[in-house]
Amino acid sequence: MRVPARSPHALAAAAALLATGAIALAVVPTPGGQVSPKSRILPSGRHLLPAGKLVRLGNFPTGGAVTANGRFYWTVSAGDALNDVRIVSLRSGRVIQAIKLPGASGGVALDSARRLAYVSGLPDTDVTEVKTPAGTPGKDGDVIHVFSWSKRTGKAVARGVIAVPPPSDAPTPQSFPPDPTAKKRSWPERLAVSADGGTLLVPLGLADAAAIVDTRTKAVRYVNTGSHPYGAAILPGGKTGLVSNRGPGTVSVIDLKAGTKVKDIQVGAHLSHPESIALDSRRGLAYVPLANADSVAVVDTRKLALARTLTVARAQGAGTAPVDTAVSRDGRYLLVAESAADEIAVFALPRAPAAHARAARAKRASGKPFALIGRVPTAQYPADVDTIGRGARSPCGLGSRAKPAKGKRRRRPACTKLVWTAARGFGLGPNLGTPPASQYFDIPHFLTTKGKVTGYAGILDFPGKRQLRKLTATATAQLTPVNHEAPPPGTPLRPGGPIKHVFYIVRENRTYDQ
């Protein structure tokens, strides 16, 4: 039995299987070809048509950062295979270096002025057969890996690790049944570095705290946050930090000098999962995607209060699950990576205050302020988005080409480019290999996926108005499976129908399609 996921057929089938105890496991051809990464057809039947030049990355890359000069893109592979940092040349569109890591969460922050990179380090994953050798720096996790890179080549060299162990009052990891003797973990997530390079703010996802790190002395101070902190940002001036908390749906405001929490800003409902934080210094705003609410919280960083909420919801599918945001280098657009919809949403931002003269001289983006003006299709599970370019002087974007000053020759400036990373790439086909004997793989071998998820980066010129309309149509078309069927007459899954709830019981680390 094969049904498109997220369709009435899929839910009806799931309900029937739960009711009868039957199990149906099969992958069959679709009208567009076989389910496989090569055909770019997912097991759900969705056919992906991502925009841009594609760059093959490592296993499940979930984090990234672009150097300030726009030449290099650091991506962090954080899946169940060996983790690594892969540095992409944005000029050639190729990976120029891969640096192995014992474990990674995806957190990476770049101090481009000093060419130093900070990467959140976790212990070796417990489901990988190949382990890093004993004595490898950071092998036991709870560290920040430090690298420097060459201005000319972009290649990096390891400079050691900074330990961020869990504070003494950290909770023990959740487990069932509860184990109060379990080893405590800090689990560093999406960290941020101050403009002067002197301070790191590191959310500790399993410690319900953040670490404030002096990058010169390596001294670490701790401040309590909400539960499961995830994203971080340091406001201009370096005195105040922000940390998002996935559990309570809050953003904690941190006094970095005193090492104390000033307040919590409620940006979403409980378990709305606030994710990474992007700053908009021109407008004094911060953008926080709410993965479980299909929306983006806009925080006023001067008033330290929620200013508004932007929706990225789609009528089709199970949601969009935004996980990352970025402000374009010219300050005119907000970009939102929607992990469940496989697309980047583009919002027009309002004119910046006149005090920011350079930004104010740029034409306002098409559409009303904070209007959702289009979407860009990506590969599966976009987890990071950024842009490169020369700001308002770039001719590539939704604005028009700037006119040269009187008596000056027209130059040909570089185009603004959009960069994204998709953790799941083009999904998985049947895995016909034989898995190793392990407690994790006591299931049919064709369902194992360990180490098989290959991510991709995409690099494209920032779309103009006409191109964005075309890309939006493509992104919308991606949401409908190629083997979609209309629901049968009399389907019980309908408004006011007899079925009120459907429960999925899914094995840990498995998806519905498996």
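This is a predicted model: local features need pLDDT of at least 70, side-chain atom pairs count only at pLDDT 80 or more; totals for chains, interfaces and linings use all residues.
## A four-stranded sheet

Let's start with an open sheet of four strands, which pair antiparallel in the order β6-β7-β8-β9.

How many bridges join β6 to β7? There are five, and the two strands run antiparallel, with β7 covering residues 116-123.

## The whole chain

Zooming out, the protein has three helices and 28 strands. Of its 514 residues, 52% are buried. The accessible surface comes to about 23,900 Å², and carbon and sulfur atoms account for 54% of that.

As for contacts, take those between residues at least 6 apart in sequence: 56% of them join residues at least 24 apart.

In soluble globular proteins, nonpolar side chains tend to be buried together. Here, the largest nonpolar core has 21 residues. Which of them touch the most other members? That would be Leu 335, Ile 344, Val 376, Val 385, Leu 418, Trp 420 and Leu 460. Several elements each supply at least two residues of this core: the strands β23 (333-338), β24 (343-348), β27 (417-425) and β28 (454-461), plus the helix α3 (465-478).

Leaving out residues up to four places away in sequence, Ile 344 touches Leu 335, Val 336, Ala 337, Gly 374, Arg 375, Val 376, Thr 378, Pro 382, Val 385 and Trp 420. Another core lies apart from the largest one; it has 16 residues, including Val 85, Ile 99, Leu 101 and Phe 147.

## Val 453, a loop residue

Now for the loop between β27 and β28, where you'll find Val 453. Is Val 453 buried or exposed? Its relative accessibility is 17%, so Val 453 counts as buried, given that the cut-off for buried is under 20%.

What does Val 453 touch, once residues up to four places away in sequence are set aside? The contacts are Gly 58, Asn 59 and Phe 60, along with Ala 423, Arg 424 and Leu 428. Gly 425 is worth a look as well: Val 453 and Gly 425 are 28 residues apart along the chain, and their C-alpha atoms are separated by 7.2 Å.

Technical notes. Residues are numbered from 1 along each chain as its sequence is written. Side-chain values use heavy atoms; hydrogens and water are left out. A nonpolar core is a set of buried Ala, Val, Leu, Ile, Met, Phe, Trp, Tyr and Cys residues joined through side-chain atoms within 4.5 Å. Buried means under 20% relative accessible area, exposed over 50%, partly exposed in between (1.4 Å probe, protein chains only). Contact means heavy atoms within 4.5 Å. Two strands pair if DSSP finds at least two bridges between them. Accessible areas come from the Shrake-Rupley method with a 1.4 Å probe; for residues, only the protein chains shown count as cover.
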